[in-house]
Amino acid sequence: MMTLQYASEESFDQFLERIWDSSPKEDLFGKLKQNAWEAFLKLGLPTRKTEVYSYVTLRKLFSKNFAFLKPHAISKEAISPYILPECRQSVLVFINGSYSPELSNRSAIPASVTIDTLNDAYRTYGSFITNAWKRNLTSEKDPFYLINAALHHSAAFIYVPPKVVVEAPIQILSIIDAQDQIGLIFPRWHLFAGNSSQVKCCTTQAVLSGDSYVNMSAIDFNIEENAQVELVQLVTTERDDAWTLDSARAHLKRNSTLNTVSVTEGGEAARLDWHVVLAGENGEANLSGLGLCNGKHEGHAHILMEHQAPHCRSMQFYRNVIKDTARSSFEGKIYVHQEAQKTDAYQMNNNLLLSDNAQAYSKPNLEIFADDVKASHGCTIGQLDDEQLFYLKARGLSQEIAQHLLIQGFCSEVIDKITIESLLKEAGRTAAAYVSST
């Protein structure tokens with residue numbers, strides 16, 4: 001039976017409370033979930049006055065008649081088309097938000113790497129997981145991250161031991177099978193990268209049924225000294241009635257590196273929320289993203305890059321192409337603590353508007369308490385450059401081809417950062433399809 005609860009005409013928070021009341025409390029993770037639920041109750045749902053959600057039309061979300069989806073039987077053949085060629089033997093499958101070890105394949109991942117449900121992993125890594133959760137919950141300001149922490153059904157835990165290099169990229173494949181319901185799911189995974197380890201992950205999504213759903217996902221990264229982590233997020237199956245509320249939290253220690261690239265087509269609303277803490281000296285975090293929104297789609301990014309230690313580097317590079325009546329927003333902050341001397345931080349948001357009714361909002365922000373810092377931020381919002389179009393047309397290209405070349409060039413500066421070949425091609429096809437429809 002897939003459906004647990006229906007919101008019917010009840011308010012959104014009442015619906016969440018019904019899910020909470022029906023969820024098990026006796027598992028090993030129960031106390032941490034209780035802490036998350038209490039933190040959510042204290043914080044409450046965002047309103048129109050909540051600044052970081054001011055661009056998101058939450059009233060549409062809160063008015064939906066949800067069904068909380070649980071996993072059900074799906075054959076390996078049904079999900080096989082959605083597994084990347086590079087990840088045939090390194091894929092972790094989520095069904096309606098719940099990690100499914102039975103459908104996953106880890107044969108190309110070193111045996112020393114632990115992959116388990118978060119609840120079972122708690123038996124071995126309990127003190128570490130507890131400490132990481134307490135740190136996150138104490139500082140957490142996003143209610144949707146807390147909702148996921150309290151209500152997720154079966155999360156995945158990945159532990160990469162020190163000095164282990166995982167050669168094959170690990171695909172996190174989220175399968176949504178909502179059928180004729182407005183499905184609500186809470187996928188969650190936690191990656192712990194040990195000292196001097198290396199691992200590359202990617203997240204993809206496949207919708208087997210249902211045009212309307214809410215994917216309220218969460219990712220936690222703990223990156224130890226000298227470790228290197230890479231993440232590619234590709235969401236190109238968004239429906240007009242789909243919501244993505246994606247939270248990611250990363251804590252980096254000395255000499256560690258985090259590189260991420262995201263590509264999304266938006267949805268009724270798609271929002272990516274990152275909070276990265278550079279807690280050790282000489283850490284580095286590079287976050288890039290591309291939004292391709294059309295119709296009435298919305299794409300939003302909210303980034304907090306927190307420098308707590310000296311000699312760290314960070315980069316935020318986000319671009320949006322918007323047409324029809326679509327909307328985008330970018331809110332990025334670089335926060336430099338007093339101890340974080342010799343910080344080198346960069347932030348840029350570029351937006352390309354292809355129609356008169358398209359809207360893009362940008363709010364770059366610096367907050368610096370150290371006195372020896374290199375930090376810059378900026379944004380651009382505009383249309384295709386007339387001089388560049390004239391240059392291309394003067395060399396015999398039509399107006400249409402000249403426009404397409406400029407848009408593709410705008411997108412490629414983000415897409416080309418993807419290092420997984422099949423995802424690089426998929427992102428390129430997505431951008432090409434978007435461009436050809438202009």
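User: Is the crossing of helix 8 and helix 9 left-handed or right-handed?
Analyst: Right-handed, in this predicted model.

User: What counts as a helix here, and how were the residues picked?
Analyst: Helices (H or I, at least four residues) and strands (E, at least two) are DSSP runs, numbered from the N terminus. Residues are numbered from 1 along each chain as its sequence is written. This is a predicted model: local features need pLDDT of at least 70, side-chain atom pairs count only at pLDDT 80 or more, totals for chains, interfaces and linings use all residues, and side-chain values use heavy atoms, with hydrogens and water left out.

User: At what angle do the axes of helix 8 and helix 9 cross?
Analyst: Roughly 155 degrees, and the axes come within 10 Å. Helix 8 is residues 399–415 and helix 9 is residues 421–436. Axes are lines fitted to C-alpha atoms over the stretch in contact, with angles from 0 to 180 degrees between N-to-C directions. The two helices are therefore roughly antiparallel. That label needs an angle over 145 degrees; under 35 is roughly parallel, 65 to 115 roughly perpendicular and the rest oblique.

User: Which residues of helix 8 meet helix 9?
Analyst: His404, Ile407, Gln408, Cys411 and Ile415. Their partners in helix 9 include Leu424, Ala427 and Gly428. Contact means heavy atoms within 4.5 Å. By class, this contact has 8 nonpolar, 4 polar and no charged residues. Nonpolar covers Ala, Val, Leu, Ile, Met, Phe, Trp, Tyr, Cys and Pro; charged covers Asp, Glu, Lys and Arg; the others, Gly among them, are polar.

User: New topic. How many residues of strand 11 are buried?
Analyst: 12 of the 12, residues 212–223, so strand 11 is largely enclosed by the rest of the structure. Buried means under 20% relative accessible area, exposed over 50%, partly exposed in between (1.4 Å probe, protein chains only).

User: Which strands pair with it?
Analyst: Strand 8 runs parallel to strand 11, with 3 bridges. Strand 9 is also parallel, over 6 bridges. Strand 13 is parallel too, joined by 12 bridges. Pairing needs at least two DSSP bridges. As one example, Trp189 has Ile219 in strand 11 as its bridge partner.

User: Last one: where is Asn282?
Analyst: In the loop between strand 15 and strand 16. Asn282 is partly exposed, at 30% relative accessible area.

Methods: A crossing is left-handed if the near helix is turned anticlockwise from the far one by less than a right angle, and right-handed if clockwise.
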